[in-house]
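Here are some exercises to work through with the model open beside you. Try each task before reading its solution.

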Amino acid sequence: MSDWTATAIACSNIAFVKYWGDQIERLHVPANSSISMNLEGLHTRTQVTFDPQLDEDQLVLNGQILTGTDLQRVSGLLDRVRRISSTKCFASVVTSNNFPTGTGIASSASAFAALSLAATAAVGLKLNERDLSRLARASSGSACRSIPTGFVEWKAGHDDIDSYAVSIAPPHHWDLADCVAIVSQEQKMVGSTEGHILAQTSPLQAARIADSTLRLDLCRRAILERDFSGLANVTELDCHLMHAVMMTSTPPLVYWLPATLAVSSAVQAWRKGGLPVCYTIDAGPNVHVICLGEAAREVVKRLKKIPGVEKVLVARPGGPAKLVS
Ligand code: DP6
């Protein structure tokens, strides 16, 4: 049955304008569009094999067999692929992240992007980029942004058909670096999926959404014009707006630790001092410190000196999800 197998690699991504909250929760159709950069070198590699001898789907992550909700989520995507390809077989999914798990780097984005490509290729389907992005989105919203290359915009749309991501610039367009300051490796208490549902309980969410078109325009323009100061301003504003929504949800979500604030305030001081650097924070305490590529060495050196920073991972703009042999 070797014809029924395929392997794909997809990068993780970091959003400058964030996805937080849904229009259609079940399908991860988001409340607002978002813009991100793929992260070269922080990726998931996934092999999918459809096998008529299996009587259920199987999932192995970093050498460990996973069951329960992790397997259910993977089976949800495989069910979609079985539906569009009229295959009835179950599949074995063997996947690994090349970045340490539990570091708060979004693994669901790279995981479901790689799984979408590997699973469809394994059954012989050649989906175009849009349909692959839609498939990934239905399992994990941000995964749709890891399908196209480089700098990516996820157009929110209104339904399963028109909510997908497109590339706005290739990776070599702008030499940026994401220096991820790891301040905690503990598993987060409330994951993104639950957080998206809570977003609507915040009185600030409506204002965040209403103003998102302006931030998207500013962010897209800053990327296309390689305007670092423009990117820094909109990225930090958008990060603060998302965390304001998190903190004012019921129950409140506070992801920051003291070291999160130590890093973010140091970054602001460095920028005032002339270093091209800014930050953003996802649903966890670790800080994504974004800088021009030429400043990455200096940024890493400074980050490592901040008490509470356990390690720093560095990633450049990454390519699309791709099949590997
Ligand atoms: C804070 O895509 O991880 O990283 O769709 O439930 O899998 P699910 O959520 P997910 O949410 C990402 C949230 C974020 C912001 C972002 O990446 O845009």
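**Exercise 1. Find out how far α3 is enclosed by the rest of the structure.**

Step 1: Count the buried residues, where buried means under 20% relative accessible area, exposed over 50% and partly exposed in between (1.4 Å probe, protein chains only). Eight of the 11 residues of α3 are buried, so this helix is largely enclosed by the rest of the structure.

Step 2: Name them. The buried residues of α3 are L132, S133, R134, L135, A136, R137, A138 and S139.

Step 3: Look for the cover, taking contact as heavy atoms within 4.5 Å. Among the elements that cover these buried residues are β3 (29-30), α1, α2, β8 (151-155) and β9 (164-169). Helices (H or I, at least four residues) and strands (E, at least two) are DSSP runs, numbered from the N terminus.

A word on the source: this is a predicted model, in which local features need pLDDT of at least 70 and side-chain atom pairs count only at pLDDT 80 or more, while totals for chains, interfaces and linings use all residues. Residues are numbered from 1 along each chain as its sequence is written, and side-chain values use heavy atoms, with hydrogens and water left out.

**Exercise 2. Describe the largest nonpolar core and the elements that supply it.**

Step 1: Apply the definition: a nonpolar core is a set of buried Ala, Val, Leu, Ile, Met, Phe, Trp, Tyr and Cys residues joined through side-chain atoms within 4.5 Å. The largest one has 30 residues, and V48, F50, L78 and L115 touch the most other members.

Step 2: Assign the core to elements. At least two residues each come from β1 (5-17), β4 (34-51), α1 (68-85), β7 (90-97), α2 (107-122) and α3 (129-139). The top contributor is α2, with eight residues.

Step 3: Zoom in on F50. Beyond its neighbours within four places in sequence, F50 is in contact with W4, L78, V81, R82, T87, C89, F90, A91, A119, A122 and V123.

Step 4: Look for another core. A second, separate one has 28 residues, including I14, L42, L216 and L313.

**Exercise 3. Examine the backbone at P251, H28 and N62.**

Step 1: Recall the background. Most residues other than glycine have a negative phi, and most peptide bonds are trans.

Step 2: Check the peptide bond from T250 to P251, which is cis, with omega near -5°. P251 belongs to the loop between α7 (228-247) and α8 (258-272).

Step 3: Turn to H28, whose phi is positive, near 55°. H28 lies in the loop between β2 (22-24) and β3, and counts as buried because its relative accessibility is 11%.

Step 4: Finish with N62, which is not a glycine but has a positive phi of about 45°. N62 is in the loop between β5 (58-61) and β6 (64-66), and at 36% relative accessibility counts as partly exposed.

**Exercise 4. Summarise the whole protein.**

Step 1: The protein contains nine helices and 14 strands.

Step 2: Of its 325 residues, 54% count as buried.
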